[in-house]
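Colleague: I have a model open on my screen and would like to learn how to read it. Could you walk me through it?

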Amino acid sequence: MTTWMYFVAFDFQHTCDDNARMDSIKRKIAIPPADDLIPAIHVWVIDLQQFLPQINTLEKYLNQEEKNIAYRFHFLKDRQNYTITHALLRLLLADYLKCIPTHIQLGHHAHGKPYVLIPASSVHFNISHSQQHAAIALTQDHPIGIDIEYHRPVEHLDLAQRFFHPREYERLCQLPTDQQLNAFYGIWTCKEAFIKATGEGLSYGLNRFEVNHELNHPARFVSIDHQSTNHWQLHRFTPQENFSGAIAWEGPVKKIFFHHETPIKIAQ
Ligand SMILES: CC(C)(COP(=O)(O)OP(=O)(O)OC[C@H]1O[C@@H](n2cnc3c(N)ncnc32)[C@H](O)[C@@H]1OP(=O)(O)O)[C@@H](O)C(=O)NCCC(=O)NCCS
């Protein structure tokens, strides 16, 4: 699987007017054809710093609302990360939807989950940020959520006792101390991915469902709202050293393609 995403800097005003002009953008995102989206999940883990030299070009892909959000961030780094992530999201979506990135309109569900409003499609996506990394997950037909977290030292047992399912907390406490932080983030990312897939976010209640804690076993739901059977799938991954990541989606098992083994390259 090709894992390079690259594009060429271009004169934005001259190239974004219609589909024919798209060719002259000389932009290429090396992703599988749209047909391959079914029944797969594609995940991009992006080191945002690599795109800093192109940030002025990338910013032009954002709509006014996104630019306003970016400029409301207090720290420059957060503004840059938001800008790069949302521009790359538009580039990826445009490739799948066969349209111009700036023509895409995103809507937001009640708790803030973004979705593709225009053009109408069955593509689902979700994004997550941590440190200088972002992750974008794309699939078709089924709601999806993704979460990545850097292993920042935290009061993990206190947090687990407060937010996790009681059995997750108990199992975490039983682990050797040096394994607890990893396990905590392994569970945390699964739980965040799920509440993001549902779109309800933290209002869902992290203690309403239980995931397994054994990092050397495939991730799975133990129960959701006291029911052991459900239509939800989970997958854990390691986005980078000292990071945990997870994807949750509703529906059947799907192939997952990760696009992070090869650094993202930009052709100037
Ligand atoms: C969604 C949520 C769990 C994100 O957690 P996080 O670990 O801090 O952040 P992540 O980096 O993993 O994800 C953030 C991204 O998730 C997406 N997102 C936002 N709300 C979402 C939701 N309810 N469900 C799924 N995804 C959501 C956005 O794309 C966001 O990135 P962006 O702001 O750059 O567009 C948390 O912010 C939450 O619960 N939000 C809901 C708030 C709410 O209920 N609002 C109601 C009034 S709008």
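This is a predicted model: local features need pLDDT of at least 70, side-chain atom pairs count only at pLDDT 80 or more; totals for chains, interfaces and linings use all residues.

Colleague: How many helices and strands does the protein have?

Modeller: There are 8 helices and 13 strands. Of the 268 residues, 36% are buried. To see how the chain folds back on itself, take the contacts with a separation of 6 or more: 61% of them join residues 24 or more positions apart.

Colleague: Now the ligand. Which residues come nearest to it?

Modeller: The shell around the ligand has 19 residues, and Gly112, Lys113, Ser128, Gly201 and Leu202 come nearest. By class, the shell is made of 10 polar, 5 nonpolar and 4 charged residues.

Colleague: Which element gives the most to that shell?

Modeller: That is β6, with 4 residues. The elements that each supply at least two are α5 (76–97), β6 (123–130), β8 (144–150) and α8 (177–198).

Colleague: Let me try a single residue. Is Thr85 buried or exposed?

Modeller: Count the C-beta atoms around it; 20 or more within 10 Å makes a residue buried. Thr85 has 22 such neighbours, so it counts as buried. Thr85 sits in helix α5. Leaving aside residues up to four places away in sequence, Thr85 touches Leu48, Ile127, His129 and Ala134. Take His129: 44 residues separate it from Thr85 in sequence, yet their C-alpha atoms are 8.5 Å apart.

Colleague: What about His108? Is it buried or exposed?

Modeller: His108 has 11 other C-beta atoms within 10 Å, so it is exposed. His108 belongs to strand β4 (residues 105–108). Beyond four places in sequence, His108 touches Lys113 and Pro114. The C-alpha atoms of His108 and Gly199 are separated by 9.6 Å, although the two are 91 residues apart along the chain.

Colleague: Where is Gly199, and how do I judge the helix before it?

Modeller: Gly199 follows α8 and has a positive phi, near 90°. For a helix, compare its reach with the expected span. α8 has 22 residues and reaches 32 Å from first C-alpha to last, close to the 32 Å expected at 1.5 Å a residue. Asn182 lies in this helix, α8. With 15 C-beta neighbours inside 10 Å, Asn182 is partly exposed. Its C-alpha atom is 8.8 Å from that of Phe243, 61 residues away along the chain.

Colleague: Which backbone angles deserve a second look?

Modeller: Most residues other than glycine have a negative phi, and most peptide bonds are trans. Gln131 has a positive phi of about 55° and is not a glycine. Gln131 is in the loop between β6 and β7 (133–140). With 17 other C-beta atoms within 10 Å, Gln131 is partly exposed.

Colleague: What is the phi of Asn242?

Modeller: Phi of Asn242 is near 65°, again positive in a residue other than glycine. Asn242 lies in the loop between β11 (232–237) and β12 (243–250), and its 14 C-beta neighbours inside 10 Å make it partly exposed.

Colleague: And which peptide bond is cis?

Modeller: Look at the bond from Ile118 to Pro119, which is cis, with omega near 0°. Pro119 is in the loop between β5 (114–118) and β6.

Definitions and conventions: Residues are numbered from 1 along each chain as its sequence is written. A residue is near a molecule or strand if its C-beta atom, placed from the backbone, lies within 6 Å of it. Ala, Val, Leu, Ile, Met, Phe, Trp, Tyr, Cys and Pro count as nonpolar, Asp, Glu, Lys and Arg as charged, and the others, Gly among them, as polar. A residue is buried if 20 or more other C-beta atoms lie within 10 Å of its own, exposed if 12 or fewer, and partly exposed in between; C-beta atoms are placed from the backbone. Two residues are in contact if their C-beta atoms, placed from the backbone, lie within 7 Å. The expected span of a helix is 1.5 Å times one less than its number of residues.
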